[in-house]
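Thanks for asking me to look this one over.

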Amino acid sequence: MKYLKILFVAFNLICAFGTVNAQKAKFLDGKVLIDGVQCLNYNKSSTNVEFTTNDGNQTIILKFIGTGPGLYTKVVFVE
């Protein structure tokens, strides 16, 4: 019983401290805000999402391709 109590307290502490340093990301009007600072821009359509840096360089491209009953996702990371 003592072991279970220690394990429960340790698990709760890990969960509590794990969320303290989390960043807050928001997607607003084509902009990605991390902790209130604009870091990326994004463009979206029904089959494509493109993330770009503030100076216009492409970073990530997501393409959604329908394959009958399923959906195939292609992710491209651009240098």
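1. In which sense do β1 and strand β2 pair, and over how many bridges? The model, which is a predicted one, pairs them in the antiparallel sense over 4 bridges, with β2 covering residues 31-34. For a spot to look at, take Ala25, whose bridge partner in β2 is Ile34.

2. Now zoom out to the whole sheet. It is open and has 6 strands, in the order β1-β2-β3-β4-β5-β6, with antiparallel pairing. β1 and β6 (70-77) are the edge strands, each pairing on one side only. From one strand to the next, the twist averages 20°. As background, strands of a sheet pair through backbone hydrogen bonds, in either a parallel or an antiparallel way.

3. Further along the sheet, β3 and β4 run antiparallel and are joined by 5 bridges. Here Leu40 has Thr53 as its bridge partner in β4.

4. Next, the aromatic rings, where the count comes to 3 aromatic pairs. One of them is Phe27 with Tyr42: this pair is edge-to-face, at 5.7 Å centre to centre and 70° between the planes. The pair links distant parts of the chain, since Phe27 sits in strand β1 (residues 25-28) and Tyr42 in strand β3 (residues 37-44), 15 residues apart. Tyr42 is buried, with a relative accessible area of 14%.

5. Phe27 also pairs with Phe51. Their ring centres are 6.4 Å apart and their planes are at 65°, so this pair is edge-to-face. Again distant parts of the chain are linked: Phe27 is in strand β1 and Phe51 in strand β4 (residues 48-53), 24 residues apart. Taken together, ring pairs link Phe27, Tyr42 and Phe51 into a cluster.

6. Where does Phe51 stand, buried or exposed? Its relative accessible area is 14%, which is under the 20% cut-off, so Phe51 is buried. Leaving out residues up to four places away in sequence, Phe51 touches a list of residues including Phe27, Val32, Leu40, Tyr42, Ile60 and Leu62, as well as Asn41, Asn57, Gln58 and Thr59.

7. Last, the core. Which residues make up the largest nonpolar core? There are 5 residues in all: Val32, Tyr42, Val49, Phe51 and Leu62. In soluble globular proteins, nonpolar side chains tend to be buried together. Two of the core's members, Tyr42 and Phe51, also belong to the ring cluster in point 6.

How values were computed
Residues are numbered from 1 along each chain as its sequence is written. This is a predicted model: local features need pLDDT of at least 70, side-chain atom pairs count only at pLDDT 80 or more; totals for chains, interfaces and linings use all residues. Side-chain values use heavy atoms; hydrogens and water are left out. A nonpolar core is a set of buried Ala, Val, Leu, Ile, Met, Phe, Trp, Tyr and Cys residues joined through side-chain atoms within 4.5 Å. Buried means under 20% relative accessible area, exposed over 50%, partly exposed in between (1.4 Å probe, protein chains only). Contact means heavy atoms within 4.5 Å. Rings of Phe, Tyr and Trp (its six-membered ring) pair if their centres lie within 6.5 Å; planes under 30 degrees apart count as stacked, over 60 as edge-to-face and the rest as tilted. Helices (H or I, at least four residues) and strands (E, at least two) are DSSP runs, numbered from the N terminus. Two strands pair if DSSP finds at least two bridges between them. Axes are lines fitted to C-alpha atoms, for helices over the stretch in contact, and angles run from 0 to 180 degrees between N-to-C directions.
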